[in-house]
Amino acid sequence: MEKKPKILIVEDDTDSMLGLSVILQKEGYLTVFAQDGATALEKAKTEFPDLMILDLGLPSGDGHFVLFTLKKLKRNETVPVIVLSARPAEFNEQHVRNMGAVAYFEKPADIPRLLDVIRTEIDAISEMGAALSS
Amino acid sequence: MTYLPEISDETQSETVNVLLVDDLPDNLLALEVLLEKPSLNLVSVTSGLEALEALKKEKFALVLLDVDMPGMDGLETARQIRMGEANSHVPIIFATAMGVKRDFVLESYSAGAVDLLVKPLEPSILKSKVDVFVSLYRHEMKLEQAIRAQLEMKDRFLSQVSHELRTPLNALCQFLHIVESGMAGDLTDDQRQYLAIASRNAGNLKELVSDLVDVMRAQNNKLKISPQCISFRDLLEEIRPELDEDARTKSNQFSIHIEEDLPFLWADPGRIRQVIVNLCSNAMKFGPQGMLVSLMARRSSDSPGMVQIEIHDEGCGIEEDKLKTIFDPLYQLETPSVEDCRRGLGLGLFICQELVSQHGGRIWAHSELGKGSQFCFTLPCFSLEAVQASLGGEEGGLSSLSLLTFRVEGEMNGDEGKIQSGLRRLVERCTGPHRGILLPANLLKSRQRALSCLLFQASGPEVDGVCDRIRDEWKASSELKGYRFDLEALHGDQVSVELAG
């Protein structure tokens, strides 16, 4: 059986984190969590996630900081990051996209659309991986 | 001055500008000595024209204006001040050495004076009058400041509230999705029905929060749109299930008529979807069960280069005198009966109006009581002019626009959608987000399977760099494997030729 893709959920609201995790597991993904910026960066280094879902308002290092730092880490710079935040898109989307985020969702996110974007990104990675190994 | 509390510490408040106008420098000097105070900034000028110039630059609490000046006299200066843009309401005190005749007094006041003093000026009278106006001005400024602070606080509060509402709403929607989609086990019919009601209400709450945010954005001029080249037919195809569902729950009929060969639009698909859903759901709401709601789209006969979209209902209608105010924020339509019209309009139409006008379109309504209403709005067709207009004052104009045309060859096998999305990602990667505009797939089909991309704000060498990057990415992309492609770049003015053809 193929290895399940791993998604790192960075979210300080426990209920939202749990809800998203249940949904993603049912979709066939492995999930790992972080509830603050420092833990998020730690997990990114130790867990090697295939994709990251990132909240912006976080304790100890907000989402912008996490994204900025992540993109400087050699091993993690290619991990696709989807931002999911309660902050209005017009003040944040351009900025996080410039830093390399692949998508921006305002909370509450449309779940089918979020799943679509996750699937597309994961597919793109696995196809790239297949192309490299063949 | 019993009606206004004294400003306690004048030296601590900001200085207030007072303009002194007299053609004789000696008179000005006398006034300066007389009125000198740390809290006042006395600006002296020697002619009407200089006075007008000074008023353009700064805000003044008061103008002390000599009437008898060569050239433009005091009366004319006052008239010009009242007609001007800056400081047009500034209080003006006339000073004159002429005998004060009744006609002259009347003329002075009609020219805009608030008071008239006769030279030689009595220092105590002058000082107390200046004090009154300066004090009034300070109070006005304080009030303005307080209002501004209140408005800012309201905005901060609203944005805080909407932010705080989003987080629990997010968790709520996620768990509703989990239970509703059967992830947590099978549901009975009753459970499914009740959950659907809960979901619908969570959805309403979601819309309410985003409406709140939109209204704030609109009031601060921050409601921005990201237009793309879109097919209205495709857009409607996407929203159709939602509209049909809305019609079904209210037992209404819903029909769509789109003109053949409707041009592509230059519009923000998410925002237009919002406008259409809003107008349609209003139409469904305010009418008897079983009525027909229809949506029409055609080229506008009045405004060339625009498409007109109309939504007709057979509902209760809106009274003529109310049609003008329905687009105001917080407008609620009075409902003649609970059965016919259950809920008001609230913020929806105001937001629709703001969104349509951001697109450069217009929105309006016709209605006949008891017969029904028509809501109409216009949107720009896709054209180079429309793209330019939405780029606004950005530099470079036409010559900084470039068009990349992709021609893809190979057996498509219904893979057009996949190619299009692969291409979209590729273009985004090579040009940065929001820089490249991909044209919709069906436009492309008519061009011998060519897929096109319009790239704006890029000039010669930059475009060549982008083309090279796209070629490299194309070779590396697995989705696009097996298709040969051709990339052609057009610069500046050539673009309009291509689009017109």
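Predicted model: local features only at pLDDT ≥ 70, side-chain atom pairs only at ≥ 80, totals over all residues.
Me: Which residues of α1(A) are buried?

Reply: A general point comes before the list. An α-helix has 3.6 residues a turn, so residues three or four places apart point the same way. In α1(A), the buried residues are A:S16, A:M17, A:G19, A:L20, A:S21, A:I23 and A:L24.

Me: Which residue follows α1(A), and what is its phi?

Reply: A:G28 follows the helix, and its phi is positive, near 95 degrees.

Me: Is B:S135 buried or exposed?

Reply: The cut-off for buried is under 20% relative accessible area. B:S135 has 7%, so it is buried. This serine is part of helix α5 (residues 123-180) of chain B.

Me: How are two packed helices described?

Reply: The description uses the angle between their axes and the distance between the axes. In chain B, helix α8 (residues 269-285) packs with helix α9 (residues 348-358) at about 145 degrees, their axes being 10 Å apart. The crossing of α8(B) past α9(B) is left-handed.

Me: Which residues make the contact?

Reply: From α8(B) come B:R271, B:Q274, B:V275, B:N278, B:L279 and B:N282. From α9(B) come B:G348, B:L349, B:I351, B:C352, B:L355 and B:V356. By class, seven residues of this contact are nonpolar, four are polar and one is charged.

Technical notes
Residues numbered from 1 in each chain as written. Chains lettered and ligands numbered in written order. Heavy atoms only, no water. Buried < 20%, exposed > 50% of the residue type's maximum accessible area, 1.4 Å probe, protein only. Helix = DSSP H or I, 4+ residues; strand = E, 2+ residues; numbered from the N terminus. Axes fitted to C-alpha atoms, helices over the stretch in contact; angles between N-to-C directions. Left-handed = near helix turned anticlockwise from the far one by under 90°. Contact = heavy atoms within 4.5 Å. Nonpolar A, V, L, I, M, F, W, Y, C, P; charged D, E, K, R; others polar.
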